[in-house]
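Welcome, and thanks for taking a look at this structure with us. Please open the sequence and the 3D view side by side before reading on.

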Amino acid sequence: MTTFFSDGLTVARRNLIKIKRVPDLLVFTTLQPIMFVLLFGYIFGSLAGPGNAGGYREFLIAGIFTQTLVFGATITGFGMAEDMQKGVIDRFRTLPMHPGAVLFGRTLSDVLNNVIVLIVMSVTGLIIGWRIRTGVLDAVWGFALLLLFAYAVSWLFAYVGLKVRTPEIVNNASFMVIFPLTFIANTFTSAQALPGPLKSIAGWNPVSTITYSARDHFGNLFALKVAGTHQQQLDAIRYTWALRHADLYTVIWVAAILAIFVPLATTTYKKAVAK
């Protein structure tokens, strides 16, 4: 076990050093979320109606956090596919290291990258008017849930990265899945405003529940000016069991993804290095 963690930390350090030596990776990773915050905040905010632009930007931030971290999880798959293509995995095979350490180190380094991205987005959000209106513990739990969900999705893409032939396939495949997943949700608009079937999908979409949880823990649920009391708004927002128990539902998804894809990715990796 000690070897697993120490080897994993070594691999994580190797991936972080790669970012240091190729700073373009970090620059584009952080510029994209800034662009999303500004574009969606001001363009969509202008459509929110008179006096609601600032409220929409506050409402939006949790959705941008979720979308960016879920898309960011594809970096894990891209990195694994690139290492497979360039023969890095073959070099790892010759070293006296724990076989599971490569995947652990890869996903761990991407969590640290996500922390940097969250900090950049949070600062950008604060500049455009977003505020955390709850206590420190609530806010920390909101950020922790976001990172935990992103970590689980990283394992899913680690498996994908090991199964495909080129890194480009990871990008194409992930875009086709994640793009609709993050839009048929409450990331950019209230899910209850979506038409029939899409509303039902959004109500059980884990992207919706993690976004709802983040908004709740940041105190941004009522940022938009909507008719009705807070209780009436809550009843409208939480129209499925998943949304009424958003934290629990999100943790269940995290546990399920990890339970499925950690062993799948580990087994696939062992088969790859055994060839």
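Here is a short tour, from the whole chain down to single residues.

This is a predicted model. The chain has 13 helices and zero strands, and 49% of its 275 residues are buried.

**The chain as a whole**

- Of the contacts between residues at least 6 apart in sequence, 81% join residues at least 24 apart.
- The chain has an accessible surface of about 13300 Å², and carbon and sulfur atoms account for 70% of that.

**Helix α10 and its ends**

- Helix α10 covers residues 206–218, and 12 of its 13 residues are buried, so the helix is mostly covered.
- Among the buried residues of α10 are P206, V207, I210, Y212, R215 and F218.
- The length of α10 agrees with expectation, because 13 residues at 1.5 Å each should span 18 Å and the end C-alpha atoms are 18 Å apart.
- At the start of α10, a side-chain oxygen of N205 comes within 2.9 Å of the backbone nitrogen of V207.
- Just after α10, G219 has a positive phi of about 80 degrees.

**N186, a loop residue**

- N186 sits in the loop between α8 (167–183) and α9 (196–204).
- N186 has a relative accessible area of 6%, so it counts as buried.
- A polar atom of the N186 side chain lies 3.1 Å from the backbone oxygen of S208, and S208 is one of the buried residues of α10.
- Beyond its neighbours within four places in sequence, N186 is in contact with F59, A191, V207, S208, T211, Y212, R215 and L243.

**V170 in helix α8**

- V170 belongs to helix α8, and its relative accessible area of 1% makes it buried.
- V170 and G77 are 93 residues apart in sequence, yet their C-alpha atoms are 6.3 Å apart in space.
- Leaving out residues up to four places away in sequence, V170 touches T74, G77, F78, A81, F157, G161 and V164.

**Two salt bridges**

- The model holds two salt bridges.
- One of the salt bridges joins the side chains of R133 and E58, at 2.8 Å from N to O.
- That pair links distant parts of the chain, with R133 in the loop between α6 (101–127) and α7 (136–163) and E58 in helix α3 (residues 53–72), 75 residues apart.
- R133 is exposed at 53% relative accessible area, whereas E58 is buried at 7%.
- The side chains of R106 and D110 also meet in a salt bridge, at 3.1 Å from N to O.
- R106 and D110 are both in helix α6, four residues apart, which is about one turn of the helix.
- Residues three or four places apart in an α-helix point the same way, because there are 3.6 residues a turn.
- R106 is buried, with 9% relative accessible area, and D110 is buried as well, with 5%.

**A nonpolar patch on the surface**

- M35, L39, I43 and F44 form a nonpolar patch on the surface, and together they have about 350 Å² of accessible area.
- I43, one of the patch residues, lies in helix α2 (residues 23–44).

Key: Residues are numbered from 1 along each chain as its sequence is written. Side-chain values use heavy atoms; hydrogens and water are left out. Patches are made of residues with over 30% relative accessible area and no salt bridge: like charges are joined within 9 Å, nonpolar side chains (Val, Leu, Ile, Met, Phe, Trp, Tyr) within 5 Å. Accessible areas come from the Shrake-Rupley method with a 1.4 Å probe; for residues, only the protein chains shown count as cover. A salt bridge is a side-chain nitrogen of Lys or Arg within 4 Å of a carboxyl oxygen of Asp or Glu. Helices (H or I, at least four residues) and strands (E, at least two) are DSSP runs, numbered from the N terminus. Buried means under 20% relative accessible area, exposed over 50%, partly exposed in between (1.4 Å probe, protein chains only). A polar contact is a pair of N or O atoms within 3.5 Å; within protein, one must be able to donate a hydrogen and the other to accept it, and residues adjacent in sequence count only if both atoms are side-chain atoms. Contact means heavy atoms within 4.5 Å. The expected span of a helix is 1.5 Å times one less than its number of residues.
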